[in-house]
Amino acid sequence: MLPTFIALCLVVVMIVGPIMMVQPSRYQKRLARLRTLAAKRGLRVRLGQNPAPGEPRQLAIYSHAIETNKRLQKIPTWSLARQTLEHELNFATGWDWLCERQAPKVLHEPIQQWLMALPASIRVVEVTEHSVGVYWTESCWHKEPRWELSVDKCLNDVDQFLNRLTQIVDAQ
């Protein structure tokens, strides 16, 4: 009787164990809700490799599309990344160009001012022909009693950051 009971318990554990491991964790559920809320606000969210050396290797990219049909000239592609070591050769305090392509000189001052407002969890800024985006660790810098309130404020900020970057790029 005892061996049968033990065998039955092992069978139940072997069936239920893998099923429980497939369930998303609380953190994964929150990330899914965050990305869904961002998509509802019109932000495009995708995962990508961190183009800058260092950690984390994979980041979420939150972006806005840029209207290109009204433009006479092509938008230059450029990227800025946070640097682990600050020095006077950086473009802005803690930020430097990722490759040889840089924003037009006329935009340098407004971009530098804009970068100073970004929270530490935003690691990379990218402008392409069709979009402006930020590589974000998805850790919220607002600490509210309810997670939903913190996320709402962070998403508002990300949306405003991207809108401001779009205005800067449009000013060229």
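This is a predicted model: local features need pLDDT of at least 70, side-chain atom pairs count only at pLDDT 80 or more; totals for chains, interfaces and linings use all residues.
Local features need pLDDT of at least 70, side-chain atom pairs count only at pLDDT 80 or more, and totals for chains, interfaces and linings use all residues. Residues are numbered from 1 along each chain as its sequence is written, and side-chain values use heavy atoms, without hydrogens and water.

**H142**

H142 sits in the loop between β6 (131–136) and α4 (147–170). Helices (H or I, at least four residues) and strands (E, at least two) are DSSP runs, numbered from the N terminus. H142 is partly exposed at 23% relative accessibility; that class lies between buried (under 20% relative accessible area) and exposed (over 50%), with a 1.4 Å probe and protein chains only. The C-alpha atoms of H142 and C154 are 6.5 Å apart, at a distance of twelve residues along the chain.

**Salt bridges**

The structure has five salt bridges. The criterion is a side-chain nitrogen of Lys or Arg within 4 Å of a carboxyl oxygen of Asp or Glu. The table lists three of them, including two that share E148.

| Pair | N to O distance |
|---|---|
| E148 and R33 | 3.2 Å |
| K153 and E144 | 2.8 Å |
| R146 and E148 | 3.7 Å |

E148 lies in α4 and R33 in α2 (residues 26–40), so their pair ties together parts 115 residues apart in sequence. R33, R146 and E148 form a salt-bridge network. Each is partly exposed: R33 at 39%, R146 at 49% and E148 at 35%. K153 is partly exposed at 37%, and E144 at 28%.
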